[in-house]
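Subject: Structure handover

Hello,

Here is the structure I said I would pass on. My notes on it follow below.

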Amino acid sequence: MADTSSQLLDIGSDDPEALTDRFATRGWGDGLPLVAPTPERVEAMLAGSNRDPDEVVATLPPRSGVATRRIIAINGVLAGCRPEHLEVLVAAVKALARPEVNLRGVNATTHPVAPLLIVHGEVARTAGYNSGLGAFGPGNLANAATGRALRLMLLHVAGAVPGAGDASTQGGPAKYAYCVAENLLRSPWGGYAASVGVDAPSAVTVHCGEAPHNFHDMESDQPAAILDKAASVMASLGSNNAPVSGAEFFVMLCPEHAATCAAAGWTRTHVASYLHERARMRTGDLRDAFALRAWAPWQETFGDDAGMPITEHPDNVRIVVVGGPGKHSSVIPSWGMTRSATVPVEP
C-alpha cells in the first residue's frame, strides 16, 4: 500500500458498495463495508499532528510494507476511525514492528493468532475507548474501529492476506478487530504500562494471542479459589504455551476479581507467581503430546510424573484489569514464539 496511496485516494466513488467492490477486485479490505478515504477525510485524520505525514513509522513483514503516517491515516479512515484515534494507531504500528513481537512469524503461522491491542492511560478516556462492561464486545466505535484499522494495516501493508501472507488454518473472529482498554480507574495496582517500565500518560500494548478464554467465579472471597480457575484454563494441551515454555499469558481480571486479590494483600506479582505455580500439567502427558518442544533446559529434566509449569517463569504471566460488573475474567494464551510490546502514545 505504500506505493499505492495516490491510487487509494483516487477512489472514483464515495458509494460504500462501489468502494467495497473496487477494493475486493484488488484483494483489499476485510470483507466488511469501508469508509471512502477521500482526501478531505485523510487530511482531517492527519490535521491533529505537526509531524510529517510521509514520515516512515515502521516496516511490516512479511511483505516489508512501509507504513507512513499517511498510510496509517488512510487505513484508519477505511475502518471508521476518528482523528483522535490516529496516535493510538501509530503507536500500535510501532509496537507491531518491534522485533520481540515477531510479526513475520505471527502472520505466517497456522495458529489463529491475532494481535490484541490494549490501550492504557489518558488516551483511553479522551479518545473514548471502552474499558468497562463488554469491553471485548461490540458497541464502541473506538475499540471496534481502531482494532479493525490495525487489521487493515496488516492486510494492506504487511501483506497478511489469508493464503498468501496469513497461513492460519481456520482464522478467527479476533482477526477482524481486537482492541480493548485497560480499566485504570478500577485497577487496584495502577496501570499495566508503568508495571512494565513504560512511564507515560498514554501507552499501548500489543499481545499476539488467541481470543479470550473465559473463567468465572461468583462466590469466592479468596484469591486462590478464583485464580485456581484461571490456572485450569492455562494448563491445557490445546494451548501453544504447552510446547513453548517461554510464551506469555495475558490474564484479564475483571475489577471484582482484582479487588478480591488486592483486598487480601496480593499484588500483581503475587497473582502472577501463584498462577505460574498452579498452572501445571503432568510432564509425561506434555511429552506424549509434543515431540517438538521449546522448553527451558531445566524443564526437560523433570520426571514424567512431575507437575510441569505451563510457562517457565512468573514474568510470562501478565495481569491487566479489564471489564465491568460481573465476576467473569479471561485468559489469553500466546501464539508462542512472540513477546508482547508496550510503547508510549506520543502526541
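Contact in these notes means heavy atoms within 4.5 Å. The model is predicted, and local features need pLDDT of at least 70, side-chain atom pairs count only at pLDDT 80 or more, and totals for chains, interfaces and linings use all residues. Residues are numbered from 1 along each chain as its sequence is written, and side-chain values use heavy atoms, with hydrogens and water left out.

Overall shape

The chain has 13 helices and twelve strands; these are DSSP runs numbered from the N terminus, with helices being H or I of at least four residues and strands E of at least two. Its radius of gyration is 21 Å, close to the 20 Å that the globule rule gives for 347 residues, so the chain is as compact as a globular protein of that length. The radius is taken over C-alpha atoms, and the rule is 2.2 Å times the number of residues to the power 0.38. Along the principal axes, the C-alpha atoms fill a box of roughly 65 × 45 × 30 Å.

Of the 347 residues, 54% count as buried. Buried means under 20% relative accessible area, exposed means over 50%, and partly exposed is in between, with a 1.4 Å probe and protein chains only. Among contacts with a separation of 6 or more, 80% come from residues 24 or more positions apart.

The cores

A nonpolar core is a set of buried Ala, Val, Leu, Ile, Met, Phe, Trp, Tyr and Cys residues joined through side-chain atoms within 4.5 Å. The largest one here has 60 residues, and those with the most contacts inside it are Leu-60, Ile-72, Val-93, Leu-117, Val-119, Tyr-129 and Met-153. Helix α8 (residues 141–158) gives the largest share of this core, ten residues. Apart from that core lies another, of 29 residues, including Leu-227, Ala-230, Phe-290 and Val-331. In soluble globular proteins, nonpolar side chains tend to be buried together.

What does Ile-72 touch, not counting residues up to four places away in sequence? Its partners are Val-57, Ala-67, Leu-86, Leu-89, Val-90, Val-93 and Met-153. Several of these names come up again in helix α5: its buried residues include Leu-86, Leu-89, Val-90 and Val-93. Ten of the eleven residues of α5 (residues 86–96) are buried, so this helix is largely enclosed by the rest of the structure. Glu-87 is also one of the buried residues of α5.

Met-234 is in helix α10 (residues 223–234) and counts as buried, at 0% relative accessibility. Leaving out residues up to four places away in sequence, Met-234 touches Phe-249, Val-251, Leu-275, Ala-279, Ile-310, Val-317 and Val-331. Met-234 and Ile-332 are 98 residues apart along the chain, and their C-alpha atoms are separated by 8.6 Å.

Backbone points to check by eye

Pro-61 and Pro-62 are joined by a cis peptide bond, with omega about 15 degrees. Pro-62 is found in the loop between β1 (56–60) and β2 (65–68). Ser-64 lies in the loop between β1 and β2 as well. Although Ser-64 is not a glycine, it has a positive phi of about 60 degrees, and it is partly exposed, with a relative accessible area of 42%.

Asn-102, in the loop between α5 and α6 (103–108), is not a glycine either and has a positive phi of about 60 degrees. Asn-102 is partly exposed, at a relative accessible area of 28%.

Pro-112 lies in the loop between α6 and β3 (114–121) and is partly exposed, at 36% relative accessibility. Leaving aside its neighbours within four places in sequence, Pro-112 is in contact with Ser-168, Gly-171, Lys-175 and Gly-209.

Glu-122 lies in helix α7 (residues 122–126) and counts as partly exposed, at 37% relative accessibility. Not counting residues up to four places away in sequence, Glu-122 touches Pro-201 and Ser-202. Glu-122 and Ala-200 are 78 residues apart in sequence and 9.3 Å apart in space, C-alpha to C-alpha.

Regards
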